[in-house]
Amino acid sequence: NDVLASYAVTRKALDDARAGQGPTLVEAFTYRMGAHTTSDDPTRYRLSSELEAWKLKDPIERMRSFLFKQQLADATFLEKVEAESDELAARIRKGCLEMPDPEPDFLFQNVYDVETPLLADQRAEFATYAAGFADGGH
């Protein structure tokens, strides 16, 4: 199952990072079900049969079906999980929207463990550029 495989891979990457083994690149392929943008019309370049084939591969639906068929979950449990995930998503969206805007200089923080000379130069250049806005320039 794609969901369990993704969980296993990301869990191992997290455990490795916490054990001091550094970062892991996890490459995952997926299909974009929707349009690129609100003005995009994917029916111009996609066949409906292609979309239908990918719907059958939807990892969330496949996991729901698996749990149901194996009698590991019933409709009530799955509805509860969906309601909890909707609530979590709403809370995360709200939290993101309420976050204060970071200071522009934040862009340069935590880029490297130790700031490189090039990054220091870029930070100074940006500070000069940003100061021009504060002085009414640009």
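Reply: Let's start with a definition. A polar contact is a pair of N or O atoms within 3.5 Å. Also, this is a predicted model.

Me: Okay. What does Asp58 do at the start of helix H3?

Reply: A side-chain oxygen of Asp58 comes to within 2.9 Å of the backbone nitrogen of Ile60. Helix H3 covers residues 59-69.

Me: And which residue with a positive phi follows H3?

Reply: That is Gln71. Its phi is near 55°.

Me: New topic. How many salt bridges does the structure hold?

Reply: There are nine salt bridges. One of them joins the side chains of Arg62 and Asp2, at 3.2 Å from N to O. This pair links distant parts of the chain. Arg62 is in helix H3, Asp2 is in helix H1, and 60 residues separate them.

Me: Which salt bridge involves Asp15?

Reply: The side chain of Asp15 meets that of Arg11, at 3.3 Å from N to O. Both residues lie in helix H1. They are four residues apart, about one turn of the helix. Asp15 has a relative accessible area of 36%, so partly exposed is the label. Arg11 is partly exposed at 38%.

Me: What about Glu98?

Reply: Glu98 pairs with Lys94 in a salt bridge of 2.7 Å, N to O. They sit four residues apart in helix H4, so about one helical turn separates them. Glu98 counts as exposed because its relative accessibility is 55%, and exposed means over 50%. Elsewhere, salt bridges that share partners join Asp105, Glu115 and Arg123 into one network.

Me: Where does Arg46 lie?

Reply: Arg46 is in the loop between helix H1 (2-18) and helix H2 (48-55). Arg46 is buried, yet has no salt bridge.

Me: Why no salt bridge for Arg46?

Reply: The nearest side chain of opposite charge is Glu50, 4.5 Å away.

Me: What is Arg46 in contact with, then, leaving aside its neighbours within four places in sequence?

Reply: Tyr31, Arg32, Met33 and Gly34. The backbone oxygen of Arg32 lies 2.6 Å from a polar atom of the Arg46 side chain.

Me: Now the rings. How many aromatic pairs does the count come to?

Reply: Four. In one, the ring centres of Phe108 and Phe126 are 5.6 Å apart. Their planes are at 50°, so the pair is tilted. Phe108 is in the loop between helix H4 (75-98) and helix H5 (117-134), and Phe126 is in helix H5. The two are 18 residues apart, and the pair links distant parts of the chain.

Me: Is Phe108 buried or exposed?

Reply: Phe108 counts as buried, at 9% relative accessibility. Phe126 is partly exposed, at 25%.

Me: Which other ring pairs with Phe126?

Reply: Tyr129. Their centres are 6.3 Å apart and their planes at 45°, so this pair is tilted. They are three residues apart in helix H5, about one helical turn. Tyr129 is partly exposed, at 43%.

Me: Which residues form the aromatic cluster?

Reply: Phe108, Phe126, Tyr129 and Phe133 form one cluster.

Me: Last one. What lies over the face of Trp54?

Reply: Lys57, at 4.5 Å from the ring centre.

Definitions and conventions: Residues are numbered from 1 along each chain as its sequence is written. This is a predicted model: local features need pLDDT of at least 70, side-chain atom pairs count only at pLDDT 80 or more; totals for chains, interfaces and linings use all residues. Side-chain values use heavy atoms; hydrogens and water are left out. Rings of Phe, Tyr and Trp (its six-membered ring) pair if their centres lie within 6.5 Å; planes under 30 degrees apart count as stacked, over 60 as edge-to-face and the rest as tilted. Buried means under 20% relative accessible area, exposed over 50%, partly exposed in between (1.4 Å probe, protein chains only). A charge sits over a ring if NZ of Lys or CZ of Arg is within 6 Å of the ring centre and within 35 degrees of the ring normal. Lys and Arg count as positive and Asp and Glu as negative; His and the chain ends are not counted. A salt bridge is a side-chain nitrogen of Lys or Arg within 4 Å of a carboxyl oxygen of Asp or Glu. A polar contact is a pair of N or O atoms within 3.5 Å; within protein, one must be able to donate a hydrogen and the other to accept it, and residues adjacent in sequence count only if both atoms are side-chain atoms. Contact means heavy atoms within 4.5 Å.
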